[in-house]
Amino acid sequence: MGNFGNLIMNENMKIFRRPRTWIMLSILALIALLLPVLLREGMGSSEVPFWQAAITTVQVVFFLNTIFCVVIAAESVAGEFTWGTIKLLLIRPWSRSKILASKYLTVIGFSILSTFLVVILATVMSYLLFSHSVPQDGSGASASYAFTSWGYLYVDLFITLAIAFMVSSVFRSGALAIGLSLFIMFTQNLFSLIFNPVRYDWAKYVLFNNMDLSRYMSPGTDIGMMDGGNAGMTLGFSVAVLAVYYVIFIVISWVVFSKRDVAG
């Protein structure tokens, strides 16, 4: 366990000793702090519940957060080949599985850190600038609603990172991993419309139709799907489908990295 801990520490040092990492975190922090100010100035009122302002801020900033995390994931393995440092890792008394596991856990750790940074700063700034009152009709967003929404956003990020990490491990190309992940981010809703579960029963098992879990927060809504309804899909169903895809992505990453001549 001590050796594995050293691996984790080594991977974190690789990430946080780069100025680029601190620049990305600074950008996230700056936008999370400024956006509530812009929202208040744009609306000309502070009567909006602060939880609603925080939700809006996080949703906007989270897109950039996902891009930054994908960059870290894409270069976690592919970067070793680009810089020629993979051989230095392989001559150490660590198994390939431990090396890959340390890289993956470091990527997840960074995504959690950046997500907490965005959520905390957005919530604090919204709390300072917007109303603390709760609408009598119960229409305002609550803490439970906010954290549920953010949890669903992170699930989307979690799966996207698994894809980026798999492509980085299999093809050893950071550019391809970043490009494919961004393609999925931009076209996710489009593919949900094309492969509509209402029209095609098999489309319920398509990855794109299960990544946006936020549509289950409001029963009866139909985010990203046409003709109404979720075609029999439920939150549990989508989580199960995502779990299967996740296992497939991770298994492919481990098998390819372990079996191929990575030192070549």
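Start with methionine 43. At 43% relative accessibility it counts as partly exposed, because that class runs between buried (under 20% relative accessible area) and exposed (over 50%), using a 1.4 Å probe and protein chains only. Methionine 43 lies in helix H2; helices (H or I, at least four residues) and strands (E, at least two) are DSSP runs, numbered from the N terminus. Show what surrounds methionine 43. Leaving aside neighbours within four places in sequence, methionine 43 is in contact with Val48 and Phe130, where contact means heavy atoms within 4.5 Å.

A word on what is on screen. This is a predicted model, in which local features need pLDDT of at least 70 and side-chain atom pairs count only at pLDDT 80 or more, while totals for chains, interfaces and linings use all residues. Residues are numbered from 1 along each chain as its sequence is written, and side-chain values use heavy atoms, with hydrogens and water left out.

Colour by pLDDT, the predictor's confidence in each residue, from 0 to 100. The chain has a mean of 83, and 84% of its residues reach 70 or more. Now select residues 220-229. There pLDDT stays under 50, and the model has 28 contacts beyond four places in sequence for this stretch.

Switch to cartoon view. The chain has nine helices and zero strands. Of its 264 residues, 45% count as buried.

Next, go inside. A nonpolar core is a set of buried Ala, Val, Leu, Ile, Met, Phe, Trp, Tyr and Cys residues joined through side-chain atoms within 4.5 Å. The largest one has 45 residues; Trp51, Val58, Ile72, Phe110, Trp150, Leu157 and Leu161 touch the most other members. Helices H1 (2-16), H2 (19-43), H3 (50-83), H5 (96-129), H6 (143-171) and H9 (235-259) each give two or more residues to this core. H3 gives the most, with 14 residues. Another core lies apart from it, with 22 residues, among them Ile159, Met166, Val167 and Tyr216.

Zoom in on tryptophan 51. Beyond four places in sequence, its contacts are Thr123, Ala141, Ser142, Ala143, Ala146, Phe147 and Trp150.

Move to serine 111 in helix H5. Serine 111 is buried, with a relative accessible area of 0%. Setting aside neighbours within four places in sequence, serine 111 is in contact with Cys69, Tyr154, Leu157 and Leu161.

Stay with helix H5 and pick tyrosine 127. Tyrosine 127 counts as partly exposed, at 43% relative accessibility.

Now look for charges. Side chains of opposite charge can pair when their charged atoms come close. A salt bridge is a side-chain nitrogen of Lys or Arg within 4 Å of a carboxyl oxygen of Asp or Glu. The whole structure has four salt bridges.

- Select glutamate 75 and arginine 20: their side chains meet in a salt bridge (3.0 Å, N to O). The pair links distant parts of the chain, with glutamate 75 in helix H3 and arginine 20 in helix H2, 55 residues apart.
- Select glutamate 11 and lysine 14: their closest N and O atoms are 3.4 Å apart. Both lie in helix H1, three residues apart, about one turn of the helix. Glutamate 11 counts as buried at 5% relative accessibility, and lysine 14 counts as buried at 13%.
- Select lysine 204 and aspartate 201: this salt bridge has its closest N and O atoms 3.4 Å apart. Lysine 204 counts as buried at 15% relative accessibility, whereas aspartate 201 counts as exposed at 51%.

Salt bridges that share partners join Glu11, Lys14 and Lys103 into one network.
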